[in-house]
Amino acid sequence: MPELVHTPLEEIDKIYAELRAGFQSGKLKSIAYRKYQILQLGYLIKDNAEQISEALTSDLGRPAFENQFLEIGPCLTDVKNAYSSVEKWAKPEKPPFSINFTPMRAIIYKEAKGVVLVISPFNYPLWLTIGPLVGALAAGNAIVIKPSELTPALDMLLAELIPKYLDSNLVRIVNGSVPESTKLLSLQWDHILYTGGARVGQIVAMAAAKFLTPVTLELGGKSPVIIDPNCDLQMAARRILWGKTVNAGQTCVAPDYILVPRSFQDKFVEALKAAHKSFYPDADGPAARDAYSRIVSPQAYKRLKGLLDGTKGNIVCGGETDENSKFIAPTLVRDVKADDSLMSEEIFGPLLPIVPVEDVDEAIAFINARDHPLALYVFSQDAEFKAKVFKNTQSGAAVANETVIHPGADGLPFGGVGPSGYGAHTGKFTFDTFTHLRSSLDSPSWIDKIIGFRFPPYKASAIKSARAMAPSLPARPTGPPTTEARSKWWGKWFFLALAVAIAGGLTKRAKILVRS
Ligand code: NAD
């Protein structure tokens with residue numbers, strides 16, 4: 001593994017000053033220049049995909065397939081989407097019509113925040129760095145990225161490639177660990193997007209508060225899975241196990257633990273074991289070359305080994321470990337209790353505890369007694385079951401019959417709630433994160449013919465005019481509603497059907513007239 005060359009601390013001030021000047025130059029006011037930089041970034045990835053994949057494998061012991069599927073592909077998608085949508089995203093928007101303010105030419109301009117900082121974690125070091133970079137560029141910001149020191153091969157490669165492909169007055173990389181991050185956080189940024197653990201998230205938020213800098217915190221937590229016996233069992237087992245084993249479980253939205261009805265645990269465990277067997281058919285199992293990732297660092301390995309050694313649950317599959325290669329096999333542990341070591345913190349590794357509960361009500365109560373997770377999964381074929389779980393819990397995302405891939409779903413925001421973070425990113429949401437919505441009016445002189453009464457000296461008639469401007473409220477309620485307000489969707493469909501019928505009738509009539 002290559003040794004990481006840290007950015008000298010004294011250079012960080014210089015980088016910051018150069019980016020401030022770069023932003024002030026106004027180059028990124030031009031959408032064409034933003035698109036040029038975004039496309040350059042796309043080619044940085046495309047031209048060097050092989051080297052990037054090798055670097056990721058060197059850092060994370062990861063199979064090439066996962067590098068392509070979970071990082072390189074999603075980066076190119078981000079580039080493509082931003083490149084083709086930035087004009088639309090950046091277009092000034094008119095607010096809804098208002099009798100009072102539309103004549104004042106009310107408009108919202110989408111403006112860059114300025115010079116922004118992106119701090120990213122080790123687990124998806126390419127996508128969680130490049131994705132925010134694409135969005136920040138699309139929004140017209142100058143950017144510093146600070147990747148994790150735990151992925152030195154990729155960090156060094158990016159340090160070499162970024163100046164070759166991107167405008168150094170607008171995009172820079174700072175490599176290093178705590179001293180470099182601390183130095184970066186001592187400076188005033190116009191937005192910070194941090195992805196990582198909650199402990200460092202607090203440090204970032206506190207440093208930002210000193211300058212009142214807005215922050216997006218993309219954190220983690222324990223993402224639960226609820227199993228309904230009425231699920232497609234084989235599919236559920238495969239998708240859950242894949243979500244837990246991809247990147248060796250080092251995924252912020254990996255299924256952290258499973259809540260399964262006690263009476264269904266045996267059947268469910270058997271299905272997971274069968275899925276495990278089908279994933280790793282080689283004699284070497286998951287230890288086979290290119291089958292499965294390794295744990296990122298000796299410290300992370302020790303932490304996970306400690307959690308595994310401490311469990312009082314029954315290991316039914318896996319459990320093999322090797323300190324030298326930082327290998328921990330995908331491990332299923334059944335009959336896990338709430339006070340188990342595996343339930344003490346976010347696992348962030350390939351250990352999957354199965355916690356038996358009585359029923360869905362106990363599962364919901366279990367989740368609600370803990371921090372809001374980043375993702376909540378339910379496997380069921382029953383719409384009411386799924387609705388019950390979603391309606392009675394809170395989480396960053398609520399996903400049925402799938403795991404892990406929702407952060408890549410086009411058009412969905414990705415973010416947490418409460419202790420799993422705040423703010424959202426991916427696609428247009430990253431653009432929005434780095435955009436200031438600048439409200440604007442351009443009020444013509446004739447407006448004062450209508451609201452000239454606002455100027456002192458205040459006359460008695462002025463208050464009457466001001467009252468007349470205030471809206472009237474809907475009718476006073478007679479008491480709290482007894483039933484939930486019904487959606488009016490059927491009304492829209494009724495009018496649409498009516499319009500189609502009328503149009504059809506008219507066309508038929510016109511044809512008859514033409515023929516006659
Ligand atoms: P981490 O918190 O250890 O490190 C993240 C970043 O913070 C790194 O760049 C690191 O150099 C920097 N950092 C470390 N100490 C710092 C300090 N004292 N001051 C300033 N910066 C510091 O996280 P990690 O181990 O790389 O990632 C794992 C965590 O990230 C998990 O909790 C996971 O759930 C979370 N995560 C969240 C998302 C998401 O999108 N919500 C995505 C990936 C990972």
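How do the residues of the lining of the second largest pocket divide into nonpolar, polar and charged? In this predicted model, the lining of that pocket comprises 16 nonpolar, nine polar and four charged residues. The second largest pocket has a volume of about 540 Å³ and is lined by 29 residues, among which Pro74, Trp127, Pro407, Gly408 and Ala409 lie nearest its centre. Three helices, α4 (64–90), α5 (127–138) and α14 (428–433), each supply at least two residues of this lining, and the largest share, 10 residues, comes from α4.

A helix pair elsewhere in the numbering was also examined. Helix α9 (residues 233–245) packs with helix α10 (residues 265–279) at an angle of about 60 degrees, the two axes being 8 Å apart. Because angles of 65 to 115 degrees count as roughly perpendicular and those under 35 degrees as roughly parallel, this arrangement makes α9 oblique to α10. The crossing in which α9 passes α10 is right-handed.

On the α9 side, the residues that take part in the contact are Leu233, Ala237, Arg238, Ile240, Leu241, Trp242 and Thr245, and these meet Lys267, Phe268, Ala271, Leu272, Ala275, His276, Ser278 and Phe279 in α10. When grouped by class, the contact of α9 with α10 has 10 nonpolar, three polar and two charged residues.

Key
Residues are numbered from 1 along each chain as its sequence is written. This is a predicted model: local features need pLDDT of at least 70, side-chain atom pairs count only at pLDDT 80 or more; totals for chains, interfaces and linings use all residues. Side-chain values use heavy atoms; hydrogens and water are left out. Axes are lines fitted to C-alpha atoms, for helices over the stretch in contact, and angles run from 0 to 180 degrees between N-to-C directions. Helices (H or I, at least four residues) and strands (E, at least two) are DSSP runs, numbered from the N terminus. Angles under 35 degrees count as roughly parallel, over 145 as roughly antiparallel, 65 to 115 as roughly perpendicular and the rest as oblique. A crossing is left-handed if the near helix is turned anticlockwise from the far one by less than a right angle, and right-handed if clockwise. Contact means heavy atoms within 4.5 Å. Ala, Val, Leu, Ile, Met, Phe, Trp, Tyr, Cys and Pro count as nonpolar, Asp, Glu, Lys and Arg as charged, and the others, Gly among them, as polar. On a 1 Å grid over the protein atoms alone, a cavity is a set of points where a 1.4 Å probe fits but cannot get out, and a pocket is an open set with protein on both sides within 12 Å along at least five of seven lines; lining residues have an atom within 4 Å of a point. Grid points are joined across faces, edges and corners, and a volume is the space filled by probe spheres set on the points.
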